[in-house]
Amino acid sequence: MRLRRSPRRTRMPTVLATQVDERRLAEAPVSQDGSCWAVATAYHLVIVSLDSQPHHLPWDQVEHGSWNAEERVFRLRRTGGQEEVVLQVPGGLRQEGRYVPVDVTAFARALRQRVEAALVHSAVTTLPSGQVASASVRRDPNGILYSVTSPPHHQVAGTEDEEALRELERQTRSTVGLPIR
């Protein structure tokens, strides 16, 4: 009986792996030549590259993540209306003289788990103007709880909407025992 070899998996170059100072949960290349990788750790999404210093994005700053299989793109919506993070994953890489397909399953799973772990509680409402708003309590990498709203308070127009958003945030904070501001 002949044993089947497990399929080859892409491997992050050692020179990039040494730039990550936390335990790596999963990683995926985000450049066609394998010179840039996205790494999921317990506390951060770390982008490492041969061209620059590592960039750390704490999981509590990621409101939502999605995967588009056709485009091979992860889109991470950040809290507070900050710019979206877009990670383009190639279908495969040339490593050790062979083409190796990129499997994103482990990275997608780690991304989902870490984003969910940073979210403690959330609530959604419709403001008097008809705009949908949410408030959430999140946990930062140091374990500190804080609240954010979407849209942020400074982007809400009108006294009724401002008060409704403040009340939603007060209720959300109260639910988890945070002081009401």
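Modeller: Let us begin with the second largest pocket, whose volume is about 200 Å³. The model is predicted: local features need pLDDT of at least 70 and side-chain atom pairs count only at pLDDT 80 or more, while totals for chains, interfaces and linings use all residues. Residues are numbered from 1 along each chain as its sequence is written, and side-chain values use heavy atoms, with hydrogens and water left out.

Colleague: Which residues line the second largest pocket?

Modeller: Lining residues have an atom within 4 Å of a point. There are 13, and His64, Gly65, Arg112, Val115 and Glu116 are the closest to the centre. Strand S5 (62-68) and H2 each supply at least two of the lining residues.

Colleague: Why are S3 and S4 said to pair?

Modeller: Strands are DSSP runs of E with at least two residues, and helices are runs of H or I with at least four, numbered from the N terminus. Two strands pair if DSSP finds at least two bridges between them. S3 (residues 44-49) and S4 have four bridges, in the antiparallel sense, and therefore they meet the definition. Within this pair, Leu45 stands opposite Leu57 in S4.

Colleague: What makes S1 and S4 edge strands?

Modeller: Four strands form an open antiparallel sheet in the order S1-S2-S3-S4. S1 (24-29) and S4 (55-58) each pair on one side only.

Colleague: Which strands does helix H2 touch?

Modeller: Contact means heavy atoms within 4.5 Å. H2 (residues 105-118) packs on the sheet and touches S1, S2 (36-41) and S3.

Colleague: Why is Val30 called buried?

Modeller: Buried means under 20% relative accessible area, exposed over 50%, and partly exposed in between, with a 1.4 Å probe and protein chains only. Val30 has 17% relative accessibility, so the residue counts as buried. Val30 lies in the loop between S1 and S2. Among the residues that Val30 touches are Trp37, Leu87 and Pro90, not counting residues up to four places away in sequence.

Technical notes
Axes are lines fitted to C-alpha atoms, for helices over the stretch in contact, and angles run from 0 to 180 degrees between N-to-C directions. On a 1 Å grid over the protein atoms alone, a cavity is a set of points where a 1.4 Å probe fits but cannot get out, and a pocket is an open set with protein on both sides within 12 Å along at least five of seven lines; lining residues have an atom within 4 Å of a point. Grid points are joined across faces, edges and corners, and a volume is the space filled by probe spheres set on the points.
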